Structure formats: C-alpha cells, structure tokens
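Here are a few friendly notes to read alongside the model. Please keep the viewer open as you go through the points.

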Amino acid sequence: MLRAGVLGSPIAHSLSPVMHRAAYAHLGLSDWTYDRRECEAAELPALVVGLDESWRGLSLTMPLKEAALSLATTVDPVAESVGGANTLVRRPDLGWDAYNTDVHGVRQALADHRVTSARHVLVLGSGATARSALAAVRELGARTVAFGIRSEVRPETGDLLDELGVAWSAHPLDEVNALVRDADLVIDTLPGRGADAVAAQLADVPRLPALFEAIYEDWPTTLARTFAATGAPVVSGLEMLAHQGALQVELMTGRPVPASVLLDAASGAWTGR
C-alpha cells in the first residue's frame, strides 16, 4: 500500500481524508490510503523522519506550513514566496519536495466564478491565509491592496506585497464601508464569524464586488449572504479547498483528477455533519 495523509492541530475536523479518498476511488487507485494525524509544529521533524518509504505525500494544515519548509530538499517558488508549504511530496531519494497548492486553489476557485481580474483588492485579515490569497490575486493583475484589520498588518504579509510590487494600506475594520466601493474583489480571511460586523456596514450598499471567503464552516456567512443579495459572485473556502486538494493528489500520485470530484465529496461530508 502507498500512503498519504494530512497533519495538523487540531485535525479532527479536516475534510482532506474524504476528498483524497474520493479522488483515489475516482482514479481507481485501490492501493492508496489517506489518513489524518494530530501534529504540532515542534513534533513535525521527528514524525516526518519516522515515516517509512510507503508514505508518498503529506498535506499540511496549521500550524505546520512554515515548519515544513525546513524539512524539504526543494521548495517550489510559490511556497517560498508566501513563506509556507501545505504539501510535501516524497522524492525518489526519500527526501521531500515542498509545494503550496493554496494559491492555485484560490485562483481556480475564483476562475470558476468568472473572476479572472482584480486591480483593487480589499482583504479582511492579514495572516497566512491572506498571503496565499494575495499571491493568487497578484496573478489576476492586482495593483493595490487595502487591509481591513483589527490591529496591524502582519510584517511578513506586508513584505510579500512589497516583493510583488503591490501598493498596500491598512485601515480599521469600521472603515470597510468606504473601502469596498473602490474594490474589484473582497477577500475575507477572518476566522469564524469575524466578518459579521463588516456585513452590517454593507447592508445598504446596492452594488458589491466579488467576494472570496476562506472559511467554509457555518457557510454561507452573513457576509456571503450580503454580497450574494446584490448579485455579486461569491466564492467559498470549500471550493478553494477542492482545487488545492486536486493539485495535491496530482503531485502525490502523478494522476490528475477533476476538482469537482473532491468538491462533491467534501460538500456531502460537510452537509452530513
């Protein structure tokens, strides 16, 4: 048997096993298995070293994406740029190659909703998820980014935009009403119901731009419903998750799989919870 799995903490909620197993079934890969393991960042090096050669790939969620970079023989340019890898793929010499498929996932999920360009972007939050989303929208032609945040923009996020040549500014969340009018795309990376207060600010805005929300728990959120009510394209984190997972499957197995296979599996699993 060939093995793959997802690591992180907490990990019990992860939909990756459902998605990857559905992909294996679709591809007829009956000799592949995929599981989940609880793992903190400090535990990752020893765990990875202890994996035998049957292990072909690892999906990595928080808090492991930065720690994974130091374990890899090679790091793909996207992962290096955003400062985090969510995928480790076994090499023939039993080392590991690191990739970031989150950026691909954001870009493809937006494309599914015909969002293929965005010059002015409003981002709620500035953490690791925001960095992957920003790397994706830079490829869509982003020229300016306005952050709606509670405190300060994370230094590494500001550094990434400086490296990408994108002008950025930071604003309190209660100024979002004014900022959204100039945006082509809004990206919400706030955890949980963090954007509910923002939705309240936008209730009377007649026209809103496209929205990408990185979360999928308790979705659609109040913010998503507010945008959808104006006819704006609304993209969920589950769609992004399916696209990034499909690329992970291809990197690990060498076989492409439609993202729709993973999305259908994840949607069914989430609805059943």
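1. Helices (H or I, at least four residues) and strands (E, at least two) are DSSP runs, numbered from the N terminus. With that in hand, β3 (55-60), α4 (102-112), α5 (128-138) and α10 (237-253) each give at least two residues to the lining of the largest pocket. A pocket is an open set of points on a 1 Å grid over the protein atoms alone, where a 1.4 Å probe fits and protein lies on both sides within 12 Å along at least five of seven lines; lining residues have an atom within 4 Å of a point.

2. A word on the source: this is a predicted model, in which local features need pLDDT of at least 70 and side-chain atom pairs count only at pLDDT 80 or more, while totals for chains, interfaces and linings use all residues. Residues are numbered from 1 along each chain as its sequence is written, and side-chain values use heavy atoms, with hydrogens and water left out.

3. Back to the largest pocket: its volume is about 1,200 Å³, counted as the space filled by probe spheres set on grid points joined across faces, edges and corners. It is lined by 47 residues, and Thr-61, Met-62, Lys-65, Thr-129 and Ala-214 are the closest to its centre. By type, the lining has 17 nonpolar, 19 polar and 11 charged residues; here Ala, Val, Leu, Ile, Met, Phe, Trp, Tyr, Cys and Pro count as nonpolar, Asp, Glu, Lys and Arg as charged, and the others, Gly among them, as polar.

4. On the overall fold, the chain has 11 helices and 12 strands. Its radius of gyration (over C-alpha atoms) is 19 Å, close to the 19 Å from the globule rule (2.2 Å times the number of residues to the power 0.38) for 273 residues, so the chain is as compact as a globular protein of that length.

5. Do look at Met-1, which sits in the segment before β1 (2-8).

6. Finally, Ser-236 lies in the loop between β12 (234-235) and α10. Ser-236 is buried, at 6% relative accessible area.

Technical notes
Buried < 20%, exposed > 50% of the residue type's maximum accessible area, 1.4 Å probe, protein only.
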